[in-house]
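Dear colleague,

Please find the sequence and the structure below.

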Amino acid sequence: MEVDTVVARWSAEEEAVRARLRAPDAAPRAQIFGRTGMEVLAAIFAGELPPAPIGETLDFVPIHMEPGVAVFQGRPQRRHYNPLGSVHGGWFATLLDSAVGCAVHSTLPAGKGYTTLELKVNMLRPLTDAVPLVRAEGKVVHPGRQVATAEGRIVGPDGKLYAHATTTCLVFDHPANTPGVFEGKA
């Protein structure tokens, strides 16, 4: 498929998603604890819950979620550059962490949460603003009760692989009945 055709399709998909999303914010935990991971992600896409603020900061957006799979799309820009004139490795890592983390999140039952224990990123080629869009796709490898693993890839509209990653996530019970936890008081 020609690059311009892919960029046009990806741009249209992003525009359709952004039209449904609320302004980025951290959702009240009470609105999250009683939902499965897929229910939380579906509520974000429906505009019922806000997407995470980090996407606005680094200009990426969730594009597609299904059980065990999460796709994010980002726009490499000069504001993401390191001193050497290419996109900073932290941008790659954050985009991949979002994709692999949400892939894990999509498999969780109600009352469960997760956090990244380990993220291993391999950056294979530099990114600049000459690449208009990239996609990070995360896929669950093992959806365990206490530990889950996933892998992800960043690809361009030309099919080039820019980076790949693996993650290990800790799965835990939401401390919904513990006063102060997650409100900055614990």
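A residue is called buried when its relative accessible area is under 20%, exposed when it is over 50%, and partly exposed in between, with a 1.4 Å probe and protein chains only. This is a predicted model, in which local features need pLDDT of at least 70 and side-chain atom pairs count only at pLDDT 80 or more, while totals for chains, interfaces and linings use all residues. Residues are numbered from 1 along each chain as its sequence is written, and side-chain values use heavy atoms, with hydrogens and water left out.

H174

At 17% relative accessibility, H174 falls in the buried class. H174 sits in the segment that follows strand 6 (161-173); helices (H or I, at least four residues) and strands (E, at least two) are DSSP runs, numbered from the N terminus. Between H174 and F33 there are 141 residues in sequence, yet their C-alpha atoms are 6.5 Å apart in space. Contact means heavy atoms within 4.5 Å. Leaving aside neighbours within four places in sequence, H174 is in contact with I32, F33, G111, K112 and G113. A polar atom of the H174 side chain lies 3.0 Å from the backbone oxygen of K112. Such a pair is a polar contact: N or O atoms within 3.5 Å, where within protein one must be able to donate a hydrogen and the other to accept it, and residues adjacent in sequence count only if both atoms are side-chain atoms.

Six strands form an open sheet in the order 1-2-4-5-6-3, with antiparallel pairing. Its edges are strand 1 (60-66) and strand 3, each of which pairs on one side only. From one strand to the next, the twist averages 20°. Two strands pair if DSSP finds at least two bridges between them. Strand 5 (residues 147-155) and strand 6 run antiparallel and are joined by nine bridges; A150 has T167 of strand 6 as its bridge partner.

Helix 1 (residues 3-20) lies across strand 1, strand 2 (69-74), strand 4 and strand 5, and runs at about 90° to strand 1. Axes here are lines fitted to C-alpha atoms, for helices over the stretch in contact, and angles run from 0 to 180 degrees between N-to-C directions.

R135

Where does R135 lie? R135 belongs to strand 4 (residues 134-143). With a relative accessible area of 12%, R135 is buried. The side chain of R135 makes a polar contact with the side chain of E13 at 2.4 Å, and another with the side chain of Q73 at 2.6 Å. Beyond neighbours within four places in sequence, the residues in contact with R135 include W10, I63, F72 and R153.

S106 is found in the loop between helix 4 (89-105) and strand 3 (112-123). S106 is buried, at a relative accessible area of 4%. The side chain of S106 reaches the backbone oxygen of A103 at 2.6 Å, and a polar atom of that side chain lies 2.7 Å from the backbone nitrogen of G68. Among the contacts of S106, leaving aside neighbours within four places in sequence, are G37, M38, L41 and P67.

N82 lies in the loop between strand 2 and helix 4. A polar atom of the N82 side chain is 2.8 Å from the backbone nitrogen of L84.

In helix 2 (residues 37-45), the residues G37, V40, L41, A43, I44 and F45 are buried. These buried residues pack against helix 1, strand 1 and helix 4.

The largest pocket holds about 1,100 Å³ of space. Of its 44 lining residues, I44, P51, A52, C102 and Y114 are the closest to its centre. Helix 4 gives the largest share of the lining, six residues. On a 1 Å grid over the protein atoms alone, a cavity is a set of points where a 1.4 Å probe fits but cannot get out, whereas a pocket is an open set with protein on both sides within 12 Å along at least five of seven lines; lining residues have an atom within 4 Å of a point. Grid points are joined across faces, edges and corners, and a volume is the space filled by probe spheres set on the points.

With kind regards
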